[in-house]
Structures are given as C-alpha cells and as structure tokens.
Amino acid sequence: MVDSARLAEGLWFVVADFEDPAHGGRARAWRFAHHGRTEADLPADATPSGGEGDWRGPGPDAWRSSLSRDEYQAAVAAVRHAVHEGDVYQANICRVLAAPLPAGDREPDARALARTLAAGNPAPYAGAIHVPAVSGVDPVWVVTASPELFLRLEDGVLSSGPIKGTAPTVDGLREKDRTENVMITDLVRNDLQRVSEPGSVEVTDLLAVEAHPGLVHLVSRVQGRVTVEEDAPGDLWGQVLDATFPPASVSGAPKSSALRIIRELERGPRGPYCGAVGWIDADTGEAELAVGIRTFWWSDDELRFGTGAGITWGSDPAEEWAETELKAARLVALASGAPAAD
C-alpha cells in the first residue's frame, strides 16, 4: 500500500493485514524464483524450510481464545446498542484462537498443513505462502482455506464475492442472514464504484447458497470495469486497495464506523485474518485475492486462527457465539490432528 507501483510488473504473492498501517498493519508482497499453478509445477528441490512430512500441530486442548464466551456475547450486545443509537448498521466482531507451536530446529511445514486442509476442508481460494526467516527477507507464514473472493481482476473486470450468512444447513439460514448479506453487497457495490467506469458496476448474483464442508453460506457477486483516475494519487492497485480495503464483509457498514467499533471491542490485532491473501500478476493483467478467513498464521512460536460473525440489530449473542464456533470447529480440529466431523 505504501509502494504499490511495484505491483505494476511481474507476479507477486500478497498478504495484507486487516489493520491499516496506523494501527500496526502491513500489506506485503513477494516475488519467487520458481512458481506454478500447482505444487507439481515446482522444481523438485523447491522444498519448504519445514521439510516434507505429515502435519504436526498443537493438541486439541491447547487453543485459547482472545475473547471468552461471555466477553464475545457482551461485544455483540455492544454492537446492537451501537445499531440502536444509529452509529452503525452492522459490525463484524471476531476473536483469535492461538495455541503454542514452537519452531524447534525448523519452522512448521506450511505445505503439510495446506495438504491437510485440502484433504479435509477443500476451499475455492485455498493457498499457502511461506517465506522462512532464514531466507533473509521479510518472513511470512500463512495457510488459508478461504471460501471468499475479495477481488479478482480479469479482462479489465474487477469482481468481488462477499459472504454473509452462515448456518450448518440451508434450513438454518435466517432472515437476519439475508438482510446482512444485502447490506454488505451494497457496501461492496459502493466500494467498486470508486474504481470502476460509471454505469459498469452490477450485482450479478444475490443471495446465492454455497455449500462448504460442514456449513453453508450466502454469497453475492459484484463486478465493475476497472478504471484509474489519472489525477488521483496512486496507480491501479493503490487506488483499488484504497477504495476497497479492508474487505466489507469482515468490517461492516458504514465501514469507518464499524472499524472504530471493532478497535474498541476486540482484544488485539487480527493480522492476516480478515485481510487479503493471494496473487497479482501485472504481466497478464490478472489478480485473485481471497478474504483471509478460515486462515492460519504462525509467528512467535504460536499458531493462530480467527473466527467471527457479522452483528446486526437482529443478532442474538448466543447464536453469534455459536456461529464463531461453527466456523472454527472443523479447521481447528484438522490443524490439531483430529478427524473433522461431517
């Protein structure tokens, strides 16, 4: 975000924290000597620092939450009060789970966790980015099983697929979920309008039901033909990120008010969770960035995983806590070496 002009050439892999730089967040990008669409495209000697082998994660009982059940439900009540007062329509409140995972002689094997998630929880925007500390460049360790598209650029069209509305089955989706999705879809439409040709932004799908392992989501699709204002600061990606980041579905509406409430209620930064993970290929004019949900990241000898829910006036604190549990249960079980329940 500070030097987005660097993204005007070559293929870059991106991890952007949810927080802005003023609150400790970073948006970073790396280029690699070898890359491919699949692991099979890489040379045989392109092995991760963690080595090859099975994933060995923390125990199922090692995880702790940044917010307890009571604290999370109190945060839901606080958002409902803010809605009542007219400060916000919706705010996404999250908590971060963490468990000790010491590095030992080598950093944990990100590809091994990615394989574990791919087998037990396949996701349309899954991926892993690992730059070990011994590389001598800015390190990163992120593994995502994200079901949500933040931004895709293809043939000059910028598209997004916000998710709002989660339940174990289709029958469990509520009117509150549909209202929540429409709010966020409208916010995404407004965001894309800031960097799209006038009249080109459209909602191509509204309230579609998508099935994922262990749950269902309501997903909408918005797109517009991207344009860059020559007199505005920043190049293509500088302007696009300024208009759209952080993702609307994991912040709230209005976005500025929701971000203020999130900072007041959450205990610590989200980091890459709820940020963006993906790639930008300036040479082909294509990009695909996932919203960093269902995402693990490792640092300071701890494995972390975030989970949250969108809060509106129609939210019930106990139900919203249950939604965060639902979103986390399968993936945390897989990362802990336990079989995921279907």
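On a 1 Å grid over the protein atoms alone, a cavity is a set of points where a 1.4 Å probe fits but cannot get out, and its lining residues have an atom within 4 Å of a point. Grid points are joined across faces, edges and corners, and a volume is the space filled by probe spheres set on the points. The model is predicted: local features need pLDDT of at least 70, side-chain atom pairs count only at pLDDT 80 or more, and totals for chains, interfaces and linings use all residues. Residues are numbered from 1 along each chain as its sequence is written, and side-chain values use heavy atoms, with hydrogens and water left out.

**Exercise 1.** Determine how many cavities of 30 Å³ or more the whole structure has, and describe the lining of the largest cavity.

*Solution.* 
Step 1. The search finds three such cavities.
Step 2. The largest cavity holds about 150 Å³ of space.
Step 3. This cavity is lined by 19 residues, and Lys164, Ile293, Arg294, Gly308 and Lys327 are the closest to its centre.
Step 4. Helices (H or I, at least four residues) and strands (E, at least two) are DSSP runs, numbered from the N terminus. Two or more lining residues come from each of strand E4 (90–100), strand E9 (163–167), strand E16 (302–311) and helix H6 (317–335). E9 supplies the largest share, four residues.
Step 5. Sort the lining by class: Ala, Val, Leu, Ile, Met, Phe, Trp, Tyr, Cys and Pro count as nonpolar, Asp, Glu, Lys and Arg as charged, and the others, Gly among them, as polar.

**Exercise 2.** Describe the second largest cavity by volume, lining and residue class.

*Solution.* 
Step 1. Its space amounts to about 90 Å³.
Step 2. Of its 14 lining residues, Phe150, Ser160, Val188, Pro247 and Ala248 lie nearest the centre.
Step 3. Strand E7 (149–154) and helix H3 (175–193) are the elements that each give two or more residues to this lining.
Step 4. Its classes are nine nonpolar, three polar and two charged residues.

Conventions
1 Å grid on protein atoms, 1.4 Å probe; cavity = no way out; pocket = protein on both sides within 12 Å on 5 of 7 lines; lining within 4 Å.
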